[in-house]
Amino acid sequence: MGLVIVGSVAFDTIETPVERVERVLGGSAVYSSMIASYFSPVQLVGVVGEDFTGQYRSILESKGIGLEGLETVAGGKTFFWEGRYGEDPNDRETLVLELNVFEQFKPLLPEGARKSEWVFLGNIDPEIQIDLLDQIEGDAHIGCDTMDFWIKNKPEKLRELLKRVDTLFINDSEARLLSSEPNLVKAGKKILTMGPSIAVIKKGEHGALLISGDTVFLTPAYPIEEVKDPTGAGDSFAGGFMGYLASRGNSDQKTLKKAMMIATVCASFTCEKFSVESLEDLSREDIEKRFERFSAMVSL
Ligand code: AMP
């Protein structure tokens with residue numbers, strides 16, 4: 001069973017208190033597709049410019065990710081994001097955001113992926129997320145991520161989109177912003193009145209909270225000694241979560257709880273190196289081993 005992922009495909013410049021890297025591969029669809037590919041076949045839908053050369057495509061191809069839905073705009077420039085982290089990895093400032101080829105983008109879902117039962121709308125303009133949803137035939141489980149930029153700049157479109165979403169991934173400050181509710185359990189419950197039946201609130205190094213019906217499930221973050229670059233942690237969390245659900249073919253309570261643990265482990269790998277470096281070398285066995293270690297850490 002496959003997973004369709006739409007989102008940003010980007011070049012990122014990232015500055016942490018110890019290092020700066022320029023124009024490295026990033027974007028919500030890149031991180032989420034790369035990690036989801038360890039669990040399920042993935043079709044990526046997005047857009048790049050001519051500067052997105054074969055070397056970047058082959059990183060995605062090496063994971064078996066379907067790129068039929070990745071459009072290249074002749075003469076165009078790939079989405080660019082520059083961000084800076086403070087000593088606290090949860091503290092991130094966006095310095096530059098150039099939509100470039102995303103400004104005019106209309107996603108085109110390949111014919112063969114339209115009946116897909118699992119879809120992840122990675123963080124990007126909600127209008128693009130809606131355009132992709134309109135091409136899905138049948139009753140798919142829709143996961144969706146967003147961020148403060150879209151909550152502030154496209155609130156109506158986002159509200160329209162949320163009515164069609166099953167699982168919303170959102171970080172703690174964004175959940176508060178979207179719901180106007182400071183308490184996270186109440187914020188999650190309020191989000192459930194907007195459309196989704198599952199709200200996953202990511203709290204960075206403090207773990208993640210799932211709220212669905214009467215269920216409240218909490219996982220800590222996997223403790224790693226050195227966080228080199230937190231970029232993409234949220235996308236990897238969602239990619240691991242959705243990839244796992246697609247591989248199981250269901251979203252019952254037990255599967256959701258395991259998906260939370262798997263997703264936590266996936267996010268931890270991303271933070272250990274810059275850009276997608278750690279996802280390039282990862283094996284399914286590495287994920288399984290860390291999952292076992294994590295399970296032992298959180299059980300009595
Ligand atoms: P995360 O750290 O999981 O929130 O994801 C960071 C990634 O999201 C980076 O690789 C950026 O290229 C990408 N990104 C940053 N801002 C936006 C935005 N407004 N829309 C879409 N993607 C973005």
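How many bridges join strand S6 (residues 79-85) to S7? Six, and the two strands run antiparallel. Within this pairing, Trp 81 stands opposite Leu 97 in S7. Strands here are DSSP runs of E, at least two residues, and helices are runs of H or I, at least four, numbered from the N terminus. Two strands pair if DSSP finds at least two bridges between them.

This is a predicted model, in which local features need pLDDT of at least 70, side-chain atom pairs count only at pLDDT 80 or more, and totals for chains, interfaces and linings use all residues. Residues are numbered from 1 along each chain as its sequence is written, and side-chain values use heavy atoms, with hydrogens and water left out.

S6 and S7 belong to an open sheet of four strands, ordered S3-S2-S6-S7, with mixed pairing. S3 (20-26) and S7 (92-98) are the edges; each has a single partner strand, so one side of each is left without a neighbour in the sheet.

Now the charged side chains. A salt bridge is a side-chain nitrogen of Lys or Arg within 4 Å of a carboxyl oxygen of Asp or Glu. The count is 17. One of them joins Asp 125 to Lys 154, with the closest N and O atoms 2.8 Å apart. Asp 125 lies in the loop between S8 (118-121) and H3 (126-133), and Lys 154 in the loop between H4 (148-153) and H5 (155-162), so the pair ties together parts 29 residues apart in sequence.

Helix H11 (residues 284-298) holds both Glu 288 and Arg 284, four residues apart, about one turn of the helix. Their side chains meet in a salt bridge at 2.8 Å, N to O. Elsewhere, salt bridges link Glu 15, Arg 20, Glu 22 and Glu 82 in a network.
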